Amino acid sequence: MEKTITTHLNKLLERFNDYFPEKQRDDDWIRDPFGINIESVTLPSNEESQLVELSCDRTLKNKFMEVSLSQFWCSNVMSEYPSLATRAVTILPFSTTYLCFETLVRSKKHPQFSH
């Protein structure tokens, strides 16, 4: 009986994987730019090199662990790696895009806010 159930569950798992294959998401690098395999990312060469630089930056890695995802991409990352951060922000949900826009507008109106 146990063997029959195991066989049935294995076949069910195979069918399930046929319907819902696990695939690499193109935006994994946004959710964790420090834990991603760079070779699995498809970006233009300038953004790929920015991602490599960013992934080696220990200061930004510490910041990544301390703030929300939207705050991370809208912070120093936007000024240090603008092309990469802009791509990340356009893929992230609307609220993140709005937050970044608001931060940029505020920094242009009040230079003391730009850090």
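A salt bridge here is a side-chain nitrogen of Lys or Arg within 4 Å of a carboxyl oxygen of Asp or Glu. With that in hand, let us walk through this predicted model. Searching the whole structure turns up two salt bridges.

Start with Asp-28 and Arg-31, whose closest N and O atoms are 2.3 Å apart, forming a salt bridge. Both residues sit in helix H2 (residues 28–31), three residues apart, which is about one turn of the helix. How accessible is Arg-31? Its relative accessibility is 40%, so Arg-31 counts as partly exposed.

Now turn to the other pair. Glu-47 and Arg-87 join their side chains in a salt bridge, at 2.3 Å from N to O. This pair links distant parts of the chain, with Glu-47 in helix H3 and Arg-87 in helix H7, 40 residues apart. Is Glu-47 buried or exposed? Glu-47 has 7% relative accessibility and therefore counts as buried, whereas Arg-87, with a relative accessible area of 31%, is partly exposed.

Helix H3 (residues 45–55) meets helix H7 (residues 82–91) at an angle of about 95°, and their axes are 8 Å apart. Angles of 65 to 115 degrees count as roughly perpendicular, so H3 and H7 are roughly perpendicular to each other. On the H3 side, the contact is made by Asn-46, Glu-47, Gln-50, Leu-51 and Leu-54, and H7 contributes Pro-82, Ser-83, Leu-84 and Arg-87. Sorted by class, the residues in this contact of H3 with H7 are four nonpolar, three polar and two charged.

Definitions and conventions:
Residues numbered from 1 in each chain as written. Predicted model: local features only at pLDDT ≥ 70, side-chain atom pairs only at ≥ 80, totals over all residues. Heavy atoms only, no water. Axes fitted to C-alpha atoms, helices over the stretch in contact; angles between N-to-C directions. Helix = DSSP H or I, 4+ residues; strand = E, 2+ residues; numbered from the N terminus. Parallel < 35°, antiparallel > 145°, perpendicular 65-115°, else oblique. Contact = heavy atoms within 4.5 Å. Nonpolar A, V, L, I, M, F, W, Y, C, P; charged D, E, K, R; others polar. Buried < 20%, exposed > 50% of the residue type's maximum accessible area, 1.4 Å probe, protein only.
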